[in-house]
Amino acid sequence: MQTHEKILLGHGSGGKLMHELIEKVFLKHFNDPVLLAQADSAVMPVVEGRLAFTTDAYVVQPLFFAGGNIGKIAVCGTINDLVAAGAQPLYLSVAFIIEEGLEFSVLEEIVQTMAETARYASVRIVCGDTKVVGRGQCDKLFITTSGIGRVRKEHEDIGSGKHIQPGDHIIISGTLGDHGMAVLAARNQLGFTSDLQSDCAPLNLMIQPLLDAGLPIHFMRDPTRGGFASVLAEIAENKLFGIEIDETMIPVSEPVRGMCEVYGFDPLYIANEGKILLVIPPKATDEVLELLQKSGHGKHAAMIGRIVEDYQGKVVMKTNIGGRRIISMLAGEQLPRIC
């Protein structure tokens, strides 16, 4: 394998080249003992409580951007989907679709990032798959990750939001739009540069203290594609309550705000990969904010609105100039291939 600098179709053949690829790239970095057994299925102990199970595919372009790469998004995105369901992430599976001709050095850097991110989050990568397709049959590299997490009984309704009620507060864990704008900046054809970093991060280390403290959380969701606004619209849709948010309280960094003004994007609809939205009863607001802000990923956490009896089924934003604006679900796609 070391005589090849790029992926060949033979690396997906199931033969010697594929075994060398698995051993010298994937097993080298994903060195979990369950994975090293190389069985057709990963065998793990059955955990107590309930299981959360999720899967997602990642097709970001370009593969690398400030603050991360497609591998980091794949690990963080699946971890955060489990976190949003109130789960403690435990295990991941990873499937790679690799285009013939991809440089080995690129693949190994992405795999190494995935391993480092999973270790940081204390989540195990225990199984996976590799396919190599011909030139032009995919765009360099696609990754699919699935994840399993443990859910305590008292948290099993967090993902459904069935306990949301008027009076609840809405909290966002940090500034909006960083990931989408960082990927946009990495697309050199737009002709500008920026120091902006993606917020891509696993959020279990930030959220677990809230769950362990027994704080009442009525809903969580990570606002990825469709952004913060689409999550709010989804919460309110067909409900007997409305949502009121205050534009002056929504955290947006100056670089993101500036880029959005130049290119005509709305930061409320830009994807995030390291933020989470929470709906909580007002009595818990101060303690939730304090715990979030202690975390490096939540230092800009803010309460930005509330669930209200008015505006049933709608989201209304009080604007900076004192007006009212209806916030709807994203129509179409502001930025394709960002996650």
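The model is predicted, so local features need pLDDT of at least 70 and side-chain atom pairs count only at pLDDT 80 or more, while totals for chains, interfaces and linings use all residues. Residues are numbered from 1 along each chain as its sequence is written, and side-chain values use heavy atoms, leaving out hydrogens and water.

**Stop 1: α1 and α4**

Select residues 16–29, helix α1. Helices here are DSSP runs (H or I, at least four residues), strands are E runs of at least two, and both are numbered from the N terminus. The axes of α1 and α4 come within 8 Å and cross at roughly 30 degrees. Axes are lines fitted to C-alpha atoms, for helices over the stretch in contact, and angles run from 0 to 180 degrees between N-to-C directions. The two helices are therefore roughly parallel. (Angles under 35 degrees count as roughly parallel, over 145 as roughly antiparallel, 65 to 115 as roughly perpendicular and the rest as oblique.)

Now show side chains. On α1, the contact residues include Leu21, Lys24 and Phe26; on α4, they include Phe104, Glu108 and Arg119. Contact means heavy atoms within 4.5 Å. By class, this contact has 7 nonpolar, 2 polar and 4 charged residues. (Ala, Val, Leu, Ile, Met, Phe, Trp, Tyr, Cys and Pro count as nonpolar; Asp, Glu, Lys and Arg as charged; the others, Gly among them, as polar.)

**Stop 2**

**Stop 3: α6 and α9**

Select 204–212 for α6 and 285–294 for α9. The axes come within 9 Å and cross at roughly 150 degrees. These helices are therefore roughly antiparallel. Met206, Ile207, Pro209 and Leu210 in α6 meet Val288, Leu291 and Leu292 in α9. The classes here are 7 nonpolar, no polar and no charged.

**Stop 4: two backbone spots**

Most residues other than glycine have a negative phi, and most peptide bonds are trans. Go to Pro62, in the loop between β1 (50–58) and β2 (64–65). The bond from Gln61 to Pro62 is cis, with omega near 5 degrees. Next, pick Lys140, between β5 (124–133) and β6 (141–151). Lys140 is not a glycine, yet its phi is positive, about 70 degrees.

**Stop 5: the cavity**

How many cavities of 30 Å³ or more are there? The count is 1. A cavity is a set of points on a 1 Å grid over the protein atoms alone where a 1.4 Å probe fits but cannot get out; lining residues have an atom within 4 Å of a point. The largest cavity has a volume of about 50 Å³. (Volume is the space filled by probe spheres set on the points, which are joined across faces, edges and corners.) Select Arg225, Tyr269, Leu330 and Glu333, among its lining residues. The lining divides into 6 nonpolar, 2 polar and 2 charged.

Methods. 1 Å grid on protein atoms, 1.4 Å probe; cavity = no way out; pocket = protein on both sides within 12 Å on 5 of 7 lines; lining within 4 Å.
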